[in-house]
Amino acid sequence: MPNVVQFAKDVQRFGAQGVTIHPRPDERHIRYQDARDLKSEVYTEYNIEGNPIDSFMKLVLEVKPTQVTLVPDAEDAITSNAGWDTLKHKDFLIDVVKEFKQNGIRTSIFVDPVLKHIEGAKEVGTDRIELYTESFAHQFALGNKDAVKPFAESAVLAHNIGLGVNAGHDLSLDNIKFFKDNIPNLLEVSIGHALIAESLYLGIENVVQMYLQKLK
């Protein structure tokens with residue numbers, strides 16, 4: 001409780017434009033079976049993110065979501081804590097991206113705002129990047145609005161070389177509007193922990209609508 005499938009149905013009904021899940025190898029929150037159960041219920045965008053180990057790849061190829069986001073999580077990581085070094089892992093990522101794209105699944109690669117890693121993402125053939133926004137969120141909370149600058153530069157570069165721009169991690173009602181207003185060509189954001197925490201006080205339907213307003 002809450003039921004994951006019912007929650008996904010509800011947030012879509014409240015206006016959410018997509019559902020993102022992150023099944024981890026130990027299935028400690030989202031389970032692999034949840035990914036299968038959600039397939040028939042997510043009629044907006046369905047995004048599955050995770051480290052492309054064999055079991056994850058098999059799951060994604062079975063479910064065939066709208067998008068897969070590749071995240072270099074260690075199996076014991078509590079939460080996402082780094083983007084890909086797309087130069088170091090180039091050959092591996094080329095093979096993974098090719099497999100997903102051959103099956104009609106849009107691919108996104110989780111990256112830090114490091115220009116050479118964004119250029120590297122282009123080289124491996126991904127459709128999009130997802131900017132890892134923890135450093136922005138942390139610095140913004142301390143009053144440092146300049147922390148958005150490397151993300152803006154990264155978004156400009158990505159767009160100029162033909163990559164779509166997504167973003168996620170520690171984005172919240174407090175910082176989402178400033179981030180959106182300063183990031184050109186932003187296609188989507190994934191909001192997880194903050195949305196749930198804010199909903200404890202404000203209610204899920206209300207919070208979804210508040211995000212939609214701030215992202216206009």
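Visitor: At what angle do helix α5 (residues 115-124) and helix α7 (residues 149-160) pack, and how far apart are their axes?
Guide: This is a predicted model, in which local features need pLDDT of at least 70 and side-chain atom pairs count only at pLDDT 80 or more, while totals for chains, interfaces and linings use all residues. Residues are numbered from 1 along each chain as its sequence is written, and side-chain values use heavy atoms, with hydrogens and water left out. Helices (H or I, at least four residues) and strands (E, at least two) are DSSP runs, numbered from the N terminus. Axes are lines fitted to C-alpha atoms, for helices over the stretch in contact, and angles run from 0 to 180 degrees between N-to-C directions. Here α5 and α7 pack at about 25°, with their axes 10 Å apart.

Visitor: How is the angle between α5 and α7 put into words?
Guide: Under 35 degrees counts as roughly parallel, over 145 as roughly antiparallel, 65 to 115 as roughly perpendicular, and the rest as oblique. α5 and α7 are therefore roughly parallel to each other. For handedness, a crossing is left-handed if the near helix is turned anticlockwise from the far one by less than a right angle, and right-handed if clockwise; α5 and α7 cross in the right-handed sense.

Visitor: Which residues make the contact of α5 with α7?
Guide: Contact means heavy atoms within 4.5 Å. From α5 come Leu115, Ile118 and Glu119, and from α7 Glu153, Ser154, Leu157 and Ala158. For classes, Ala, Val, Leu, Ile, Met, Phe, Trp, Tyr, Cys and Pro count as nonpolar, Asp, Glu, Lys and Arg as charged, and the others, Gly among them, as polar. This contact has 4 nonpolar, 1 polar and 2 charged residues.

Visitor: How do the axes of helix α3 (residues 54-63) and helix α4 (residues 90-102) cross?
Guide: The axes of α3 and α4 cross at roughly 20° and come within 10 Å, so the two helices are roughly parallel. The crossing of α3 past α4 is right-handed. Met57, Val60 and Leu61 of α3 meet Val96, Glu99 and Phe100 of α4, a set of 5 nonpolar, no polar and 1 charged residues.

Visitor: At what angle do the axes of α9 and α10 cross?
Guide: The α9 and α10 axes cross at roughly 125° and come within 8 Å. That makes α9 oblique to α10. The residues in contact are Ala194, Leu195, Glu198, Ser199 and Leu202 of α9 with Ile204, Asn206, Val207, Met210 and Tyr211 of α10. By class they are 7 nonpolar, 2 polar and 1 charged.

Visitor: What is the volume of the largest pocket?
Guide: On a 1 Å grid over the protein atoms alone, a cavity is a set of points where a 1.4 Å probe fits but cannot get out, and a pocket is an open set with protein on both sides within 12 Å along at least five of seven lines; lining residues have an atom within 4 Å of a point. Points are joined across faces, edges and corners, and a volume is the space filled by probe spheres set on them. The largest pocket has about 1700 Å³. Thr20, Ser190, Ile191, Gly192 and His193 are the closest to its centre of 47 lining residues. Elements giving two or more residues to this lining include α9 (193-202) and α10 (204-214).
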